[in-house]
Amino acid sequence: MIEPSLKNANILIVDDQEANIDVLEGLLEMQGYTSIKTTTDPRDVLHLFASFEPDLILLDLMMPHLSGFEVMEQLKAIVPANTYLPILVLTADATSEARQRALSNGASDFLTKPFDLIEVGLRIRNLLLTSYLMQQVQNQNQILEEKVKERTLELETTNIELNIAKEKAEASDRLKSSFINNISHEIRTPLNGILGFGQILTDPEIETEEKEEYLSMMNQSSERLINTVTNFMDISLLTSGNQTVLKKEIALNSIVNEAISKFRITADEKNITLEFNPPAQVTEIKLLSDRELLTKIICQLIDNAVKFTKQGTVNVGYNISGETLSFTVKDTGIGIAAENIPRIFDSFMQENITNTRAYEGSGLGLPIAKGFIELLGGNIVAESEKGKGSTFSFSLPCVIIPVGKIQENETTKPKAAVRKQTILIAEDDEINFFYINIVLKNDLVEVLHAVNGRVAVEICKEHPEIDLVIMDLKMPEMDGFEATRLIKQFNAELPVIAITAYSSNEDKTLALRAGCDDFITKPFKKEFLISKLEQFGLTFS
């Protein structure tokens, strides 16, 4: 029996993401609830219902093994008649169909991720209060139950009609539906971690160790969100035919080592051996290709291998024959059934494409890799055996020149004597300016600010002591392209670094043609920006 204070209510949280559970459990504990159980496996719900007897269930919809809809169906079969069990659905699926289906299957309330923690707390309290009042007036519940049944019947009828319409729409436009579902889940889920832990971190009573853990989870969610947005942009450019190729001399081994370093921590956490085996006696290879596209290809293939490997090794290697580069990523992962190999390069696809698939991700990695490889004039093939692993191999025509070890920092200017340095930040967005200003805050640096390209040109004319310009490309009155062209006319030696949300090769080419000396894509980390500035001779210590 729930007491009038509601704080002794048994609350069960069901979500396959630990980060979401931590956010909700932290919220409930801060609000004084004393009896909370959690599970990441929806198959445990029936056992927990019998042993824990929850007064409220917080339920995700898209989970491995069982979806939230299936969990609600199972609960219907065992919840005693005339018993009110409130279920608050918390999901990344924002479609009206999901909302109506959840409500018709027994959900009491429905919120989409990212949710506001204050609203969640209020809805939880309201549901528990309703349950308490219903316990007190159970003898008067018959009329209400009849009305609920009538409403449920109406919703079921509506849901059937919507399902019929949905099936017809999916038959003619399956790719569009897949895109909507994936972008909703893969953007809202990490956003929920970012916003949720952001709110929790404002609590002054949280211990330092907890703050570090929550900050780490925020960073993981941020990286996942960045990767998701980048993937959607890449696939959009590929499908629209707007992706361009910018070839220049690059160092292959350095690119591979950088790519592998991004996945080293994840591989170590899974006890996977991540190896790079270049050809024997080769210290470095210089080739003519698009550095960004080749990096993304390699990263997508390594990411795919690490994600689907539970134990064993992921081996990265290449061979050279004439002017052809043959690159291979081999893993000892779960493998792919032979009949499914042809469709793994389709957009939004994993071998398991249901709502209960066990691996996160947009399903765009392999299609993006394939698209970029074909843009570079190559092709990719997959070989796999279920339960034994997969091998992805691609070949590219490249101008390949064996060389000695390339010094990556050859262009880095020697540090000048410590002195006051002046940097102009041309940025119309106040938040972005504030962030960059904080990053550059140093006794050795004076920061000037221009709110648009026209002001940036005027400041450069008035302050010849400026050492470097950080230039946003999209600004009012005059954009960064035109401002850079004008600045270079009267001060050609002044370094200009473009920092922008534009990320395509075409945008980078336009920026370089306008006179920019380098290009950084938002979002970026502090360490990356500082390293870029140091390459132009600036000193921060």
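Here are some questions and answers about the predicted model above.

This is a predicted model, where local features need pLDDT of at least 70 and side-chain atom pairs count only at pLDDT 80 or more, while totals for chains, interfaces and linings use all residues. Residues are numbered from 1 along each chain as its sequence is written, and side-chain values use heavy atoms, with hydrogens and water left out.

Reader: What is the mean pLDDT of the protein chain?
Author: pLDDT is the predictor's confidence in each residue, from 0 to 100. Here 88% of the residues reach 70 or more, though residues 350-358 fall below 50. Where pLDDT is low, the predicted coordinates should not be read in detail. The chain's mean pLDDT is 85.

Reader: Are Phe345 and Phe392 stacked or edge-to-face?
Author: Rings of Phe, Tyr and Trp (its six-membered ring) pair if their centres lie within 6.5 Å; planes under 30 degrees apart count as stacked, over 60 as edge-to-face and the rest as tilted. Phe345 sits in the loop between strand S10 (324-331) and helix H11 (365-375), and Phe392 in strand S12 (residues 389-397), 47 residues apart. Their ring centres are 6.2 Å apart and the planes are at 85 degrees, so the pair is edge-to-face.

Reader: Is Phe392 buried or exposed?
Author: Buried means under 20% relative accessible area, exposed over 50%, and partly exposed in between (1.4 Å probe, protein chains only). Phe392 has 3% relative accessibility, so Phe392 counts as buried.

Reader: Which backbone oxygen lies 2.9 Å from a polar atom of the side chain of Thr228?
Author: Thr228 is in helix H8 (residues 208-240) and, at 4% relative accessibility, counts as buried. Beyond four places in sequence, Thr228 is in contact (heavy atoms within 4.5 Å) with Glu186 and Ile187. The backbone oxygen in question belongs to Arg224.

Conventions
Helices (H or I, at least four residues) and strands (E, at least two) are DSSP runs, numbered from the N terminus. A polar contact is a pair of N or O atoms within 3.5 Å; within protein, one must be able to donate a hydrogen and the other to accept it, and residues adjacent in sequence count only if both atoms are side-chain atoms.
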